[in-house]
Amino acid sequence: VDTYVDELTKAKDNVQQKFGIRSKDYRSAAQVLTRLGKKDDLSGPNFVPGTLKGKAIALSDQNGTITLDPNKTSDNVNGAAAVGHEVRHYLDAHGSLGFAGNTTERTTAKQQFTDSETSAYDTTNAIFKGFGRAMNSNQLQGAINDSVTGDLKRWDENHPALKSASDQNQ
């Protein structure tokens, strides 16, 4: 994880040079680094290794634990982007967006997941921009849509009776 934090720091510095300290991309990367804290100060999220299903490199429980699948990080920039993405979910869950999917209404859950994934992928893209690897708008929207689909699938698995009622009302 320390390697990914070092890459996040480089991304933040590069974004600052390219876009300035007031840019949304700089603020996003800086907020993630602030939440991560300094090495060994134990103020940031708890990272645990694990095997994740599907394409996920990292997964946050939104309560401070982030599972990282070390076998899926193709390089340090992708690892840093995955860490930043999940830390953004944590920040959003404890900020203005609240816990995504913490509802009994599927339509509301879908909107919460969309807001949360959009915010997290904006952070991912800010990190990629720091290394000249920005996603284009189609790639960004595709990633958001794929994540929302996965989030809703997990929500449905955890709320089978609510999903059935939602399907009947549509």
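This is a predicted model: local features need pLDDT of at least 70, side-chain atom pairs count only at pLDDT 80 or more; totals for chains, interfaces and linings use all residues.
How many bridges join strand 1 to strand 3? Four bridges join them, and the two strands run parallel. Residues are numbered from 1 along each chain as its sequence is written, and side-chain values use heavy atoms, with hydrogens and water left out.

**The sheet**

- Helices (H or I, at least four residues) and strands (E, at least two) are DSSP runs, numbered from the N terminus.
- Two strands pair if DSSP finds at least two bridges between them.
- Strand 2 pairs with strand 3 (residues 65-68) in the antiparallel sense, over three bridges.
- Here leucine 59 sits opposite threonine 67 of strand 3, and serine 60 sits opposite isoleucine 66 of strand 3.
- The hairpin of strand 2 and strand 3 has four residues between the strands, and glutamine 62 takes a positive phi near 65° there.

**Two faces of a strand**

- In a regular strand, side chains alternate between the two faces of the sheet.
- Strand 3 has a covered face with Ile66 and Leu68, and an uncovered one with Thr65 and Thr67.

- Which label does phenylalanine 47 get, buried or exposed? Phenylalanine 47, found in strand 1, counts as buried because its relative accessibility is 18%.
- The cut-offs: buried means under 20% relative accessible area, exposed means over 50%, and partly exposed is in between (1.4 Å probe, protein chains only).
- Contact means heavy atoms within 4.5 Å.
- Leaving aside neighbours within four places in sequence, phenylalanine 47 is in contact with Val1, Leu36, Ile66, Val83 and Val87.
- Valine 48 lies in strand 1 too, and at 27% relative accessibility valine 48 counts as partly exposed.
- Valine 48 and leucine 68 are 20 residues apart in sequence, yet 6.1 Å apart in space, C-alpha to C-alpha.
- With neighbours within four places in sequence left aside, valine 48 is in contact with Thr65, Ile66, Thr67 and Leu68.
- Proline 49, also in strand 1, is exposed, with a relative accessible area of 69%.
- The bridge partner of proline 49 in strand 3 is leucine 68.
- Again leaving aside neighbours within four places in sequence, proline 49 is in contact with Thr67 and Leu68.

**How the helices pack**

- Two packed helices are described by the angle between their axes and the distance between the axes.
- Axes are lines fitted to C-alpha atoms, for helices over the stretch in contact, and angles run from 0 to 180 degrees between N-to-C directions.
- Angles under 35 degrees count as roughly parallel, over 145 as roughly antiparallel, 65 to 115 as roughly perpendicular and the rest as oblique.
- Helix 1 (residues 2-19) and helix 3 (residues 76-93) pack at about 85° with their axes 8 Å apart, and are therefore roughly perpendicular to each other.
- In that contact, Thr3, Tyr4, Glu7 and Leu8 of helix 1 meet Asn76, Val77, Gly79, Ala80, Val83 and Gly84 of helix 3.
- By class, the contact of helix 1 with helix 3 has five nonpolar, four polar and one charged.
- For those classes, Ala, Val, Leu, Ile, Met, Phe, Trp, Tyr, Cys and Pro count as nonpolar, Asp, Glu, Lys and Arg as charged, and the others, Gly among them, as polar.
- Helix 2 (residues 24-36) and helix 4 cross at roughly 105°, and their axes come within 9 Å, so these two are roughly perpendicular to each other.
- The helix 2 side of this contact is Lys24, Asp25, Ser28 and Val32, and the helix 4 side is Asp122, Thr123, Ala126 and Lys129.
- Helix 4 (residues 106-129) and helix 5 (residues 137-158) pack at about 140°, with axes 9 Å apart, and are therefore oblique to each other.
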